[in-house]
Amino acid sequence: MRSKLQSCGTGPGWQVREKTGFDKSAFAVDWERKTVTCPSGKQSISWLPNTYPSNGVVFEARFARRDCTPCPSRPQCTRSKLEPRIVGLQSREHHEALQTMRTQQTTEEFRKAYALRAGVESTHAQASRRSGLRNARYRGLAKTHLQHVLTAAAINIVRIASWTNGTPVASTGCSHFAALQFQAA
(Lines give C-alpha, C1' and ligand atoms only; values in the text may rest on other atoms or scores of the structure.)
Protein backbone atom coordinates (compact mmCIF):
# COMPACT_ATOMS: atom_id res chain seq x y z
CA MET A 1 0.00 0.00 0.00
CA ARG A 2 2.83 2.38 0.78
CA SER A 3 4.10 2.24 -2.81
CA LYS A 4 0.86 3.82 -4.04
CA LEU A 5 1.20 6.78 -1.72
CA GLN A 6 3.24 9.74 -2.79
CA SER A 7 4.04 13.13 -1.41
CA CYS A 8 2.15 16.05 -2.96
CA GLY A 9 5.20 18.30 -3.17
CA THR A 10 5.79 21.82 -2.06
CA GLY A 11 4.14 24.79 -3.64
CA PRO A 12 3.89 28.54 -3.31
CA GLY A 13 1.67 28.48 -0.20
CA TRP A 14 2.32 30.41 3.00
CA GLN A 15 3.43 27.19 4.66
CA VAL A 16 6.42 27.01 2.31
CA ARG A 17 7.26 30.71 2.45
CA GLU A 18 7.13 30.91 6.24
CA LYS A 19 8.50 27.38 6.80
CA THR A 20 5.76 26.76 9.34
CA GLY A 21 2.88 24.38 9.02
CA PHE A 22 2.03 21.64 6.58
CA ASP A 23 2.65 22.32 2.93
CA LYS A 24 1.54 19.94 0.21
CA SER A 25 4.51 17.68 0.78
CA ALA A 26 3.09 16.72 4.20
CA PHE A 27 0.04 15.15 2.51
CA ALA A 28 0.11 11.67 0.96
CA VAL A 29 -1.70 11.01 -2.33
CA ASP A 30 -3.20 7.65 -3.25
CA TRP A 31 -3.85 8.01 -6.97
CA GLU A 32 -5.64 4.67 -7.37
CA ARG A 33 -8.16 5.30 -4.56
CA LYS A 34 -8.28 9.07 -5.32
CA THR A 35 -7.71 10.10 -1.72
CA VAL A 36 -5.30 12.39 0.07
CA THR A 37 -4.24 11.74 3.67
CA CYS A 38 -3.34 14.66 5.93
CA PRO A 39 -0.48 14.61 8.49
CA SER A 40 -3.03 13.88 11.24
CA GLY A 41 -4.17 10.75 9.40
CA LYS A 42 -7.54 12.04 8.12
CA GLN A 43 -8.54 11.22 4.54
CA SER A 44 -10.10 13.56 2.03
CA ILE A 45 -13.81 13.19 1.43
CA SER A 46 -13.89 14.32 -2.20
CA TRP A 47 -11.71 14.28 -5.28
CA LEU A 48 -12.95 16.82 -7.80
CA PRO A 49 -11.61 16.83 -11.38
CA ASN A 50 -10.88 19.90 -13.53
CA THR A 51 -11.25 22.52 -10.80
CA TYR A 52 -8.79 25.16 -12.06
CA PRO A 53 -7.19 23.79 -15.26
CA SER A 54 -5.90 27.24 -16.27
CA ASN A 55 -3.80 27.30 -13.08
CA GLY A 56 -2.56 23.74 -13.59
CA VAL A 57 -4.82 22.33 -10.86
CA VAL A 58 -6.42 19.26 -12.39
CA PHE A 59 -7.73 17.66 -9.18
CA GLU A 60 -8.84 19.10 -5.89
CA ALA A 61 -9.00 17.04 -2.71
CA ARG A 62 -11.25 18.39 0.02
CA PHE A 63 -11.31 17.42 3.66
CA ALA A 64 -14.37 17.27 5.93
CA ARG A 65 -15.20 20.12 8.30
CA ARG A 66 -15.81 17.60 11.06
CA ASP A 67 -12.18 16.48 10.69
CA CYS A 68 -10.52 19.88 10.17
CA THR A 69 -12.40 22.13 12.61
CA PRO A 70 -11.46 20.34 15.87
CA CYS A 71 -7.97 19.35 14.67
CA PRO A 72 -5.20 20.67 16.96
CA SER A 73 -2.92 21.05 13.90
CA ARG A 74 -5.36 23.33 12.06
CA PRO A 75 -3.26 26.54 12.47
CA GLN A 76 -0.34 24.80 10.75
CA CYS A 77 -2.59 23.54 7.97
CA THR A 78 -4.91 26.37 6.94
CA ARG A 79 -5.63 29.99 7.81
CA SER A 80 -9.31 29.71 6.91
CA LYS A 81 -11.61 30.28 9.87
CA LEU A 82 -14.43 28.03 8.66
CA GLU A 83 -13.43 26.08 5.57
CA PRO A 84 -11.44 22.84 5.74
CA ARG A 85 -8.14 22.31 3.93
CA ILE A 86 -8.27 21.91 0.16
CA VAL A 87 -5.29 20.42 -1.64
CA GLY A 88 -4.93 21.22 -5.35
CA LEU A 89 -3.11 18.65 -7.48
CA GLN A 90 -1.72 18.61 -10.98
CA SER A 91 -2.11 15.62 -13.27
CA ARG A 92 -0.35 12.52 -12.03
CA GLU A 93 2.37 12.73 -14.71
CA HIS A 94 3.15 16.37 -13.90
CA HIS A 95 2.96 15.72 -10.19
CA GLU A 96 5.39 12.80 -10.33
CA ALA A 97 7.80 14.69 -12.60
CA LEU A 98 7.72 17.67 -10.24
CA GLN A 99 8.38 15.43 -7.24
CA THR A 100 11.31 13.79 -9.00
CA MET A 101 12.86 17.16 -9.81
CA ARG A 102 12.30 18.54 -6.31
CA THR A 103 13.98 15.48 -4.83
CA GLN A 104 16.86 15.84 -7.28
CA GLN A 105 17.28 19.53 -6.36
CA THR A 106 18.15 18.59 -2.78
CA THR A 107 21.22 16.57 -3.82
CA GLU A 108 24.78 17.87 -3.66
CA GLU A 109 25.30 16.89 -7.30
CA PHE A 110 22.50 19.24 -8.38
CA ARG A 111 23.92 22.09 -6.29
CA LYS A 112 27.31 21.74 -7.94
CA ALA A 113 25.76 21.69 -11.41
CA TYR A 114 23.55 24.66 -10.57
CA ALA A 115 26.52 26.65 -9.27
CA LEU A 116 27.99 26.46 -12.79
CA ARG A 117 24.70 27.62 -14.24
CA ALA A 118 24.56 30.53 -11.80
CA GLY A 119 27.92 31.74 -13.13
CA VAL A 120 26.70 31.54 -16.69
CA GLU A 121 23.48 33.37 -15.74
CA SER A 122 25.49 36.23 -14.24
CA THR A 123 27.50 36.49 -17.45
CA HIS A 124 24.30 36.66 -19.50
CA ALA A 125 22.90 39.31 -17.16
CA GLN A 126 26.06 41.40 -17.47
CA ALA A 127 25.97 41.09 -21.26
CA SER A 128 22.34 42.19 -21.34
CA ARG A 129 22.79 45.13 -18.97
CA ARG A 130 26.13 46.45 -20.16
CA SER A 131 25.91 45.98 -23.90
CA GLY A 132 22.25 45.56 -24.75
CA LEU A 133 22.72 42.03 -26.04
CA ARG A 134 18.98 41.34 -26.07
CA ASN A 135 18.62 43.25 -29.32
CA ALA A 136 20.89 42.48 -32.25
CA ARG A 137 22.22 45.53 -34.03
CA TYR A 138 22.62 43.68 -37.30
CA ARG A 139 20.68 41.39 -39.56
CA GLY A 140 21.89 37.99 -40.57
CA LEU A 141 23.41 35.12 -38.67
CA ALA A 142 27.04 35.95 -39.47
CA LYS A 143 26.80 39.57 -38.31
CA THR A 144 24.80 38.65 -35.19
CA HIS A 145 27.37 35.99 -34.33
CA LEU A 146 30.15 38.54 -34.74
CA GLN A 147 28.29 40.91 -32.39
CA HIS A 148 28.03 38.15 -29.77
CA VAL A 149 31.71 37.26 -30.05
CA LEU A 150 32.77 40.91 -29.74
CA THR A 151 30.42 41.41 -26.78
CA ALA A 152 31.90 38.37 -25.03
CA ALA A 153 35.42 39.68 -25.66
CA ALA A 154 34.44 43.09 -24.29
CA ILE A 155 32.99 41.52 -21.14
CA ASN A 156 36.21 39.57 -20.63
CA ILE A 157 38.27 42.76 -21.03
CA VAL A 158 36.06 44.60 -18.53
CA ARG A 159 36.39 41.72 -16.06
CA ILE A 160 40.17 41.57 -16.47
CA ALA A 161 40.42 45.34 -15.96
CA SER A 162 38.27 45.12 -12.83
CA TRP A 163 40.38 42.28 -11.49
CA THR A 164 43.70 44.07 -12.11
CA ASN A 165 42.38 47.29 -10.53
CA GLY A 166 41.22 45.38 -7.48
CA THR A 167 37.58 46.33 -7.94
CA PRO A 168 35.54 44.11 -5.62
CA VAL A 169 32.96 41.82 -7.14
CA ALA A 170 29.49 43.28 -6.73
CA SER A 171 27.21 41.65 -4.22
CA THR A 172 23.84 40.34 -5.22
CA GLY A 173 21.64 43.20 -6.31
CA CYS A 174 18.48 44.17 -4.52
CA SER A 175 15.19 45.41 -5.88
CA HIS A 176 14.20 49.07 -5.86
CA PHE A 177 11.57 48.27 -3.24
CA ALA A 178 14.15 46.60 -0.97
CA ALA A 179 16.46 49.59 -1.40
CA LEU A 180 13.69 51.87 -0.13
CA GLN A 181 13.38 49.68 2.95
CA PHE A 182 17.07 50.18 3.75
CA GLN A 183 16.75 53.96 3.33
CA ALA A 184 13.76 54.10 5.70
CA ALA A 185 15.59 52.22 8.47
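User: How far does helix α6 reach, and what span is expected of it?
Analyst: Helix α6 runs over residues 141-165, and its 25 residues reach 36 Å from the first C-alpha to the last. The expected span is 1.5 Å times one less than the number of residues, and the reach of α6 is close to the 36 Å expected. Helices (H or I, at least four residues) and strands (E, at least two) are DSSP runs, numbered from the N terminus. The model is predicted: local features need pLDDT of at least 70, side-chain atom pairs count only at pLDDT 80 or more, and totals for chains, interfaces and linings use all residues. Residues are numbered from 1 along each chain as its sequence is written, and side-chain values use heavy atoms, without hydrogens and water.

User: Which residues of α6 are buried, and what covers them?
Analyst: T144, Q147, T151 and I155 are buried in α6. Their cover includes α5 (108-131). Just after α6, G166 has a positive phi of about 80 degrees.

User: Which residues touch the most other members of the largest nonpolar core?
Analyst: Such a core is a set of buried Ala, Val, Leu, Ile, Met, Phe, Trp, Tyr and Cys residues joined through side-chain atoms within 4.5 Å. The largest has 13 residues, and F27, V29, W31, V36, W47, F63 and L89 touch the most other members. Two or more residues come from each of β5 (57-62) and β6 (86-89).

User: What makes a space a cavity, and which residues lie nearest the centre of the largest?
Analyst: On a 1 Å grid over the protein atoms alone, a cavity is a set of points where a 1.4 Å probe fits but cannot get out; lining residues have an atom within 4 Å of a point. The largest cavity is lined by 14 residues, with C38, S40, C68, C71 and C77 nearest its centre. The elements α2 (65-68) and α3 (74-77) each give two or more residues to that lining.

How values were computed:
1 Å grid on protein atoms, 1.4 Å probe; cavity = no way out; pocket = protein on both sides within 12 Å on 5 of 7 lines; lining within 4 Å. Buried < 20%, exposed > 50% of the residue type's maximum accessible area, 1.4 Å probe, protein only. Contact = heavy atoms within 4.5 Å.
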